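Visitor: I have a new structure to look at and I'd like to learn how to read it. Could you walk me through some features?
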Amino acid sequence: MRAWAGESEGKGSAPHRLRAPIAFSLLFVGCAVGEGAPPPTGIPFIQGRAHRSPWEGESVGSLRGIVIAVDARRRSPGFWIQSATDDGDSATAQGLRVNTAQPTDLVLGDEVEVRGRIEEIGSRGELSTTALVAASWSRLTSGRPLPAPVILGETGRRIPQGHIDDDGLRAFEPDDDAADFFESLEGMRVEIHDALVVGATSPFGEVVVVADRGAETAPRSWRGGVLAASGDTNPERIVLDFSLLRQRSQAKVGDVYAGAVVGVLDYDFGLYRVLLTSDPPEPQKSRVRRDRSSLRGDARHLSIASYNVLNLGADDEERVFRGLARSLVEDLGTPDVVALQEIQDASGERDDGVVAGAPTLAKLTAAIQRLGGPAYEYLQIDPGDKQDGGAPGGNIRVALLVDPTRVEVIRRGRPGDEVDVLGAAEPRLSASPGRIGPSDPAFRHSRKPLAVELRFNGSTLFVANCHLESKRGDDPLFGSVQPPERRSEARRRLQAESVARTVREILRVDPNARVIVLGDLNEHEFRSPLLPLTEAGLENLVLRVPLPERYTYNFRGSSQVLDHIWVSPALVADAEVDIVHVNADFPSRGRLSDHDPILARLSMPPP
């Protein structure tokens, strides 16, 4: 999903912003500076043993260093300098960002003298970067040898494992807290050996790696990725940023940059990153290929899938529809029912008042039919303009595709009505298709679940397709609030409770009712917001997937579950499930979505 559609750990990136000096106030341990104290002349003294410089706001009249990186981008001109000699204290960074008004003609190896004001720059909620701003400089010599890079990993400085910070940033402990560890290297040259790709090339050209082919990283996916786990934020993940180079690298999870990659350690967009200063080796390609599931429906089994299709709008290129159609036909084997998330309106992200989603679904179903798939019937309910979140103007919603040769849609009530459960002996929905909780404050400006009553093999099936609240607005993992606040969890829990109430009512009328809740729930399988679905009597089939294959999304190198299929007790027996890895491990360029689809085969013999 794009940045609008949902977040994990503050999910989503953005283009590089202007690195202007924006001062803001955070609480960090630092040295007190006496009034009128002269500013230091060495970089380690400016950086200090803290996240913020003890000399913040002071002017520096003369500071020397070797140029180790140059940022020639017009929106953020500047360069980095590093001390020619190390002060011997691993807790104080030897490098510093220097912001200038215009691009410079400096090159790596120039020794310079700089002047300017010491500031902490960044955005609210993030850690700050110490920089010299409003700077002027003079070149002293050229061709100086660059300081030796610090090796990150088992042959150099080991990144602390397991957690980012455990003391609310009150103590500066680089050997124990990953946030402090990276701060102690801010602005310095670093080197990573045999970098294993755990996050494929993003839309912004970033690649996430772990050092030493992941020797000290666990748990791992079978393709080599790093799995999200309860209590472990995997802070050893390192972002490789190619923005200072002309080269961009297309890499997938499991590829390896054999040898060394070198750059300067920086912080931006809520995490530390290595800005590469020289072209890395070509990645050694892994043998990983896109999956194809063998699960198929038959006379006694229903196949049902969930697929987030990444803000699909009718104005998308034909190749996008053709690719998704091929994925549904070939990778998933044309499931009997497909729950889609992130269907946009007919005009895509143009904010023109259009809300109709039928043209988008008509193009998709036509593309499926051209590839030999069934003539799917599509079900969707247009939201009010700008009422369901997502990209402004896109009006995303959930939808269902149903193979009418296999499954019958029971139509009742007015489409779009709020769903109530009717019946004393046999449950039925008051509206099919209908919406769960459209008047519930939990779903204000958020996608409303689509509920529908279906019939397969003479038996009734209740399906709820959900796209719960995104993680946007949560604190970044490497942020100024430790531990990070997950503000969005409360709303997801309320939304899950709303869905669970409908499920409980169906099962109260008939404990043997066949109920499926599925979709992009924007939550990990081990976190609490989804507990209401378990408490309502449903089983999460994702938990049947072996751990090394249990992920549907990759956020900044963290392979994680966001998509789920929950079923009632009547569907648990002989249920099979498959996460079909066709997107999450692959570069953004050319993939169909950023989510992997999830497919289940459920036993539903004739009554």
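Visitor: Leaving aside its neighbours within four places in sequence, which residues is Val-209 in contact with?

Guide: First, some ground rules: this is a predicted model, where local features need pLDDT of at least 70 and side-chain atom pairs count only at pLDDT 80 or more, while totals for chains, interfaces and linings use all residues. Residues are numbered from 1 along each chain as its sequence is written, and side-chain values use heavy atoms, with hydrogens and water left out. Contact means heavy atoms within 4.5 Å. Beyond those close neighbours in sequence, Val-209 touches Ile-192, Ala-195, Leu-196, Val-197, Val-198, Glu-236, Arg-237, Ile-238, Leu-240 and Tyr-257.

Visitor: How many residues does the largest nonpolar core have, and which have the most contacts inside it?

Guide: A nonpolar core is a set of buried Ala, Val, Leu, Ile, Met, Phe, Trp, Tyr and Cys residues joined through side-chain atoms within 4.5 Å. Buried means under 20% relative accessible area, exposed over 50%, and partly exposed in between (1.4 Å probe, protein chains only). The largest one here has 34 residues, and Ile-192, Val-209, Leu-240 and Tyr-257 have the most contacts inside it. Among the elements giving two or more residues to this core are helix H2 (178-183), strand E7 (189-199) and strand E11 (256-268). Those labels are DSSP runs numbered from the N terminus: helices (H or I) have at least four residues, strands (E) at least two. Another core, of 33 residues, lies apart from it and includes Val-407 and Phe-456.

Visitor: What describes a pair of aromatic rings?

Guide: You look at the distance of the centres and the angle of the planes. Rings of Phe, Tyr and Trp (its six-membered ring) pair if their centres lie within 6.5 Å; planes under 30 degrees apart are stacked, over 60 edge-to-face, and the rest tilted. That rule finds 6 aromatic pairs here. In one of them, Phe-79 and Trp-137 sit edge-to-face, 6.4 Å centre to centre with 80° between the planes. Phe-79 belongs to strand E2 (residues 78-82) and Trp-137 to strand E5 (residues 129-141), so their pairing ties together parts 58 residues apart in sequence. Phe-79 is buried at 0% relative accessibility, whereas Trp-137, at 25%, is partly exposed.

Visitor: And Phe-182 with Tyr-272: how far apart are the centres of their rings?

Guide: They are 5.4 Å apart with planes at 25°, so this pair is stacked. Phe-182 in helix H2 and Tyr-272 in strand E12 are 90 residues apart, and both are buried. They also belong to one aromatic cluster with Phe-181, Tyr-267 and Phe-478.

Visitor: Which residue lies over the face of Trp-80?

Guide: A charge sits over a ring if NZ of Lys or CZ of Arg is within 6 Å of the ring centre and within 35 degrees of the ring normal. Arg-97 lies over Trp-80, at 4.6 Å from the ring centre. Arg-290 does likewise over Phe-586, at 4.0 Å.

Visitor: Is His-467 buried or exposed?

Guide: Buried, with a relative accessible area of 1%. Next, check its polar contacts, which are pairs of N or O atoms within 3.5 Å; within protein, one must be able to donate a hydrogen and the other to accept it, and residues adjacent in sequence count only if both atoms are side-chain atoms. The His-467 side chain makes one with the side chain of Arg-447 (3.4 Å) and one with that of Asp-520 (3.2 Å).
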